[in-house]
Amino acid sequence: MKWKIIADSGCDYRSLDNLAPDTEFVSVPLTIQVGETIYTDDVQLNIDQMMEEMYATTTASKSACPSPDDYMKSFEGAENIVVVTITGTLSGSYNSAEVAKKIYLEEHPNTNIHVINSLSAGGEVDLIVRKLNQLVAEGLDFDQVVDVITTYQSKTKLLFVLAKVDNLVKNGRLSKLIGTVVGLLNIRMVGEASKTGTLELLQKARGQKKAIKAAFDELIKAGYAGGHITIAHRNNEKFIEQFSELVREKFTRANIEVLPTSGLCSFYAEEGGLLMGYEI
């Protein structure tokens with residue numbers, strides 16, 4: 001039976017290496033409006049250009065989720081379908097996927113469809129998608145994949161580090177005062193995705209060196225013990241290099257995967273930001 005692993009662009013993968021047999025990976029893009037321009041978050045998107053325009057405009061930029069029809073088109077041609085979406089607290093993508101599932105099953109009652117609200121974004125979504133591909137490759141049936149991935153999701157977390165918060169300020173999610181302080185004092189915002197899918201601040205660290213230590217301390221505090229880490233970042237290789245050294249000093253066999261952020265994750269993380277998924 002053919003499988004489809006489907007993710008919206010809250011996932012940073014544009015394609016998956018070493019796909020399981022009879023499996024297709026599909027990225028369903030969100031759109032991002034900057035001024036009068038609407039960008040589709042797919043492989044053709046020029047993220048650098050989008051970010052330059054976003055910082056040049058004084059108005060708030062915004063994202064829009066895929067429609068149920070977008071999801072239904074992505075379902076076609078497979079018997080086993082698993083969808084992973086960005087947290088439902090930031091986007092209507094999960095609701096769109098659920099509506100699409102209901103309509104599609106009315107017309108294709110023999111199809112298996114499972115929709116996962118990641119309650120997260122970026123690196124943690126990437127972890128879930130990566131694990132799904134591994135489970136399918138192992139030959140598990142649909143119900144087994146759903147059971148195992150549900151358990152797996154309960155053992156993954158997201159840690160984020162933000163160096164800029166212009167977009168959050170423009171959208172009213174942070175005060176202008178905090179935005180000014182972050183910019184002038186070189187503050188990094190270190191936080192996590194909560195169990196309900198909201199983004200929660202854990203620490204404010206001044207400068208990159210303190211932010212690296214704060215991120216590592218939060219990782220250990222959460223129960224990290226050497227599992228896989230996926231870091232999606234927006235132009236911050238230096239942080240990742242130094243952070244990875246710190247992790248491997250304590251966990252020599254830690255597997256750390258590094259990806260550039262998708263358009264949507266760049267939109268949320270901004271320049272120098274990163275979204276780190278890890279196993280506990």
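Biologist: What makes strand 3 and strand 5 count as paired?

Modeller: This is a predicted model. In it, three bridges join strand 3 (residues 31–34) to strand 5. Pairing needs at least two bridges, so the two strands pair. They run antiparallel. Gln-33 stands opposite Lys-62 in strand 5.

Biologist: Why are strand 4 and strand 5 called edge strands?

Modeller: Look at the open sheet of three strands, with the order 4-3-5. Strand 4 (37–40) and strand 5 (62–64) each pair on one side only. The twist averages 25 degrees from one strand to the next.

Biologist: How do you know that Glu-270 has no salt bridge?

Modeller: Check the nearest side chain of opposite charge. That is Lys-164, 5.5 Å away.

Biologist: Where is Glu-270, and what does Glu-270 touch?

Modeller: Glu-270 is in the loop between helix 10 (263–269) and strand 13 (274–279). Its contacts include Met-51, Tyr-55, Lys-164 and Arg-234.

Biologist: How do you know that the reach of helix 8 is close to the expected one?

Modeller: Helix 8 (residues 208–221) has 14 residues. At 1.5 Å a residue, 20 Å is expected. From first C-alpha to last, helix 8 reaches 20 Å.

Biologist: Which residues of helix 8 are buried, and what covers them?

Modeller: Among the buried ones are Ala-211, Ala-215, Phe-216 and Leu-219. The cover includes strand 8 (156–162), helix 9 (237–250) and strand 13. Just after helix 8, Gly-223 takes a positive phi of about 110 degrees.

How values were computed:
Residues numbered from 1 in each chain as written. Predicted model: local features only at pLDDT ≥ 70, side-chain atom pairs only at ≥ 80, totals over all residues. Heavy atoms only, no water. Helix = DSSP H or I, 4+ residues; strand = E, 2+ residues; numbered from the N terminus. Buried < 20%, exposed > 50% of the residue type's maximum accessible area, 1.4 Å probe, protein only. Lys, Arg positive; Asp, Glu negative; His and termini not counted. Salt bridge = Lys/Arg side-chain N within 4 Å of Asp/Glu carboxyl O. Contact = heavy atoms within 4.5 Å. Expected span 1.5 Å × (residues − 1). Axes fitted to C-alpha atoms, helices over the stretch in contact; angles between N-to-C directions. Lists of a residue's contacts leave out its neighbours within four places in sequence.
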